[in-house]
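Please look over the model shown here.

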Amino acid sequence: MPPKQGKLDTFFGKKGDIQSNGQPVTAPVRRKRRIIESSEDENDTENVRVKNKRVKLEKKKAVEEESKAPQVEKVSKNDSAEDLPTNSEDVDTEEITKKEESTIKAVAVLLASNNVSASVDIDWKAGESVLYAALVNAYEKIEATSKRLEIQEIMTTFFLRILEKSPSNLLEVIYLCINRICPEFEGLELGIGEASLMKAIAMSTGRKVQAIRKEYSETGDLGLVAKASKKAQSTLFTPKPMTVSSVFKAFRKIALTSGADSIERKIQSIAALMSSCRSGEEAKYLIRSLEGKLRIGLAEATVLVSLAQAIVMNDSEYKTMSKNDKTAKLAEAPSVIKAVYSELPSYDIIVPVLLKHGVDGLREHCKLTPGIPCKPMLAHPTKSITEVLDRVEGHKFTCEYKYDGERGQIHLLEDGTIKIFSRNLEDNSQKFPDIVKNVTRFIKEGTKSFVLDCEVVAWDKEKKSILPFQVLTTRKRKDVKHEDIKVTVCVFGFDILYYNGEPLLQKSLEARRDILFSVFNEIEGEFAFVCYKNLNNVEDIQTFLDESVKGSCEGLMIKILDGTESSYEPSKRSRNWLKLKKDYLSGVGDSLDLVVIGAYYGRGKRTGVYGGFLLACYDPDTEQYQTITKTSTGLSDQNLEDFYKHFNGQVIDGPKRYYNFDEKTKPDVWFEPSVVWEVLAADLSISPVYKAAVGTCDLSKGISLRFPRFIRIREDKKPEDATTSDMVAEMYQRQFNHNES
Amino acid sequence: MFEARLSQGSVLKKVLEAVKELVTDANFDCSETGISLQAMDNSHVALVSVLLKADGFDPYTCDRNIPLGVNLGSLNKILKCAGNEDTITLKVDDTGDTLNLLFESQNNDRFGEYELKLMDIDQEHLGIPETEYDAIVVLSSGEFQRICRDLSGISESVSISVTKEGVRFQAKGEVGTGNITLRPSSSVDKGSESVSIKLTSPVDLTFSLKYLSNFTKAAPLSDKVTLCMATNTPLLVEYNMEECALVRYYLAPKIEDEE
């Protein structure tokens with residue numbers, strides 16, 4: 001470890017600087033006292049050796065005390081606790097929800113029994129802005145544990161302190177905790193590039209960028225590099241303490257910086273922020289936030305739950321409630337906020353309402369609003385028709401075609417504005433100016449506002465038929481001009497969530513469908529209702545499924561039609577909606593056998609092993625390995641470790657001359673061709689960066705896999721026995737033939 | 001009303017060279033004693049303090065204290081227009097909006113007049129504590145510049161250790177290590193090349209070479225540079241041009257990992 005840069009701050013005093021004890025500093029004679037004082041101030045940069053020793057003693061004490069009071073922690077136990085479980089998509093969502101509920105209840109019981117520990121945290125004055133150090137303190141405690149229950153308690157306690165002292169900071173704290181700077185749908189993100197961050201760290205700590213890059217490749221975490229760099233350099237003066245407000249405002253400013261030299265100006269602002277840090281820990285989380293990855297195992301769901309419980313506990317009536325009432329209230333509040341948030345995903349609106357009206361008043365004041373996208377309801381995958389029938393038995397249900405397009409949510413606002421949002425709440429109005437233009441034509445008169453859930457599908461105007469998803473992806477994403485559009489799209493509407501000032505989420509699907517039909521007109525090639533049938537036996541469903549596949553669809557959606565279970569549940573992958581895809585049915589879905597030719601270094605929980613692998617198919621004609629995809633899913637921790645060991649022996653200096661790849665997909669390390677993996681993918685599509693079967697299906701582009709997933713190692717195959725380019729091309733073509741047959 | 005005439009204009013040029021790498025905007029504070037400037041770099045790691053003594057000017061008039069807020073880059077552009085042998089006169093009228101610079105050639109046959117717009121710079125004044133240093137090393141400013149340049153190629157930081165035997169500069173880097181030891185010379189006749197060490201207790205401190213290299217830009221001001229060190233205290237690097245200018249840099253030390 002190279003020595004680290006100190007700052008002058010901590011040595012000199014500002015004239016008129018007010019110290020923690022409230023006394024103005026009278027420089028210059030008091031230098032020695034200052035250093036002694038600062039050694040007792042745990043907020044200060046640890047810059048003095050004598051002081052370091054003291055801190056270590058404190059650490060020891062803290063550990064000893066821990067057994068008595070587990071929540072009391074002064075120093076994070078483990079700086080490199082990167083292995084915390086983050087949300088894994090592989091886990092059944094249903095299970096997560098169940099776990100979550102039980103955790104919520106457990107915490108609720110805990111909190112209701114007044115078992116909140118009085119922790120000796122970094123404090124701030126009531127009415128003033130929350131110190132960033134206090135938030136960092138909470139981050140550290142969270143990172144040090146992997147128990148959801150503990151994390152939730154830490155957050156709830158922290159929120160409660162904010163509510164008591166500085167409620168006006170609550171919104172900013174929430175945004176910092178979930179590492180965002182505005183509602184998701186506004187699309188403003190931090191995500192500063194590594195290179196810029198490294199420059200800023202170098203600038204603010206008197207180091208060289210190369211040295212920082214090297215440390216980064218060793219640790220895989222810029223936050224830790226920033227922390228080490230910060231701690232190593234003392235400063236002349238202790239900067240003013242940062243507050244959550246100042247940090248949040250700086251983040252927004254950085255994200256909004258644009259135009260000439262914007263990168264340079266961003267770096268300057270980041271370096272200034274770094275210089276304002278008082279401790280290495282502040283620098284660590286600051287850099288991680290700027291990078292866009294906080295990685296402390298704090299899920300947004302946990303933040304929501306803690307927020308809800310803190311709001312409840314802060315209510316004046318809460319103290320007078322019976323223990324049972326408290327528990328009930330605490331257990332109920334999170335689900336209320338979650339439901340409201342999924343309808344109206346904007347903390348900008350929800351938090352002020354919570355502060356004013358509490359959890360009880362939330363539903364009344366926050367409702368689905370045109371202009372703000374709500375998280376779409378998702379369907380649960382099923383593997384067979386019998387599985388479907390098991391679920392929906394005894395209910396009235398309906399089957400709809402599952403079109404192979406892009407999910408869309410079209411909003412018409414009272415003022416006539418039309419917006420289209422994607423499944424991820426991105427504003428796609430720029431991408432689909434043609435739809436925006438068409439909307440007024442396919443609504444009936446008297447429609448003032450609505451929110452429509454639909455599928456946007458590529459449409460062949462001449463043949464009057466649906467085109468596959470691959471065609472849709474060739475559309476430009478930004479600044480689409482109406483006259484330049486080559487791929488026309490048709491909107492297939494299947495649900496309506498809001499109509500003329502009234503949210504419809506609670507209504508049954510049958511009722512919503514009636515409204516849907518009464519509001520829209522079908523126009524060929526522009527708007528259609530999804531094709532549906534209300535069926536109830538296996539044979540009919542099978543026939544309908546076959547028809548859907550013939551009609552170029554992915555399969556069927558099966559939905560409960562009436563009763564409370566048929567309400568629209570935003571953001572939920574609900575079992576009241578089931579999807580039956582052709583690929584899920586057994587016998588379909590070919591796997592590919594591909595060669596591993598390179599890998600990307602792992603980040604976060606995959607630090608120290610390879611996080612992703614570059615795969616290639618084999619072209620016997622040219623004796624080339626052609627890149628086809630990069631995969632990181634389907635790999636267990638054991639796999640990752642084994643593969644890291646195996647491939648370490650296969651690393652080569654550069655790509656073989658017979659590797660056909662694009663610079664954009666260049667891996668961090670190249671391997672000898674040695675192993676064949678069986679990989680399953682959802683689809684094949686034309687790609688500008690991957691080279692499989694290049695020149696056969698498209699003049700200059702190759703083919704790549706969508707959603708590739710590692711299945712197993714093909715021990716029985718040599719690299720030359722991998723799937724050939726011709727086979728890949730054939731599989732790609734077959735997708736189209738399938739649709740035409 | 002402020003007016004100062006400097007017969008050796010090059011001094012001002014050299015002072016600016018010594019400061020402009022570290023800070024972009026700064027106040028020149030004019031008072032009875034002279035013109036002073038104090039500024040810290042953005043990272044709070046280094047500080048530069050300059051004093052142009054009133055005695056070095058002839059004449060020097062300053063009837064009240066005035067800060068001259070200057071963008072150092074702009075001032076540098078104007079000073080480049082002055083010849084090395086020129087006499088420079090600085091003038092500020094009572095409005096205090098602009099700084100007038102007058103460059104007179106040695107033969108009194110060329111006069112350059114320039115105006116620089118001044119700005120309001122909100123600057124914190126920092127109290128620099130008097131320190132009793134454990135080690136004071138005086139060496140040739142050219143030698144110090146060379147050491148910093150040589151070691152910069154090896155590492156991003158240098159440890160300076162002073163004992164009775166001498167002063168040792170040590171850099172450890174990726175490629176290898178570099179060590180330079182200077183022994184105090186007893187013979188006086190070696191003149192500017194000699195090294196003198198005043199020591200109350202040995203010190204060993206580590207500093208960022210990026211900043212040190214920056215400081216050596218002041219070498220043209222003086223043949224000698226003084227390094228003052230004490231454990232857990234910022235390094236003081238001083239270039240003293242006895243009659244007219246004093247440039248001091250402070251640099252916060254690096255902290256060695258204890259593990």
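The report takes pockets and cavities, then helix packing, then the backbone.

## Basis

This is a predicted model: local features need pLDDT of at least 70, side-chain atom pairs count only at pLDDT 80 or more, and totals for chains, interfaces and linings use all residues. Residues are numbered from 1 along each chain as its sequence is written, chains are lettered from A and ligands numbered from 1 in the order in which they are written, and side-chain values use heavy atoms, without hydrogens and water.

## Second largest pocket

The second largest pocket holds about 1200 Å³ of space. Its lining has 38 residues, and the closest to the centre are Met40(B), Asp41(B), Asn42(B), Ser43(B) and His44(B). A pocket is an open set of points on a 1 Å grid over the protein atoms alone, with protein on both sides within 12 Å along at least five of seven lines; a cavity is a set where a 1.4 Å probe fits but cannot get out; lining residues have an atom within 4 Å of a point. Points are joined across faces, edges and corners, and a volume is the space filled by probe spheres set on them.

Both chains contribute elements with two or more lining residues: helices H7 (194-205), H10 (244-256) and H11 (262-276) of chain A, and strand E3 (34-40) and helix H4 (209-215) of chain B. H11(A) gives the most, with seven residues. Helices (H or I, at least four residues) and strands (E, at least two) are DSSP runs, numbered from the N terminus. The lining has 16 nonpolar, 13 polar and nine charged residues. Ala, Val, Leu, Ile, Met, Phe, Trp, Tyr, Cys and Pro count as nonpolar, Asp, Glu, Lys and Arg as charged, and the others, Gly among them, as polar.

## Cavities

There are four cavities of 30 Å³ or more. The largest cavity holds about 90 Å³ of space. Its lining divides into ten nonpolar, no polar and no charged residues. Among them are Leu12(B), Phe28(B), Ile35(B) and Leu75(B). Strands E6 (66-71) and E8 (98-104) of chain B each supply at least two lining residues.

## Helix packing

In chain B, the axes of H1 (residues 10-20) and H2 (residues 72-79) come within 10 Å and cross at roughly 150 degrees. H1(B) is therefore roughly antiparallel to H2(B). Axes are lines fitted to C-alpha atoms, for helices over the stretch in contact, with angles from 0 to 180 degrees between N-to-C directions. Angles under 35 degrees count as roughly parallel, over 145 as roughly antiparallel, 65 to 115 as roughly perpendicular and the rest as oblique.

In chain A, the axes of H7(A) and H9 (residues 222-232) come within 10 Å and cross at roughly 10 degrees. H7(A) and H9(A) are therefore roughly parallel. Glu194(A), Leu197(A), Met198(A), Ile201(A) and Thr205(A) in H7(A) meet Leu222(A), Ala226(A), Ser229(A) and Lys230(A) in H9(A); contact means heavy atoms within 4.5 Å. That contact has five nonpolar, two polar and two charged residues.

## Backbone

Most residues other than glycine have a negative phi, and most peptide bonds are trans. The peptide bond from Asp58(B) to Pro59(B) is cis, with omega near 0 degrees. Pro59(B) lies in the loop between strands E4 (46-53) and E5 (60-62) of chain B.

Ala693(A) is not a glycine, yet has a positive phi of about 50 degrees. Ala693(A) sits in the loop between strands E23 (683-687) and E24 (702-706) of chain A.
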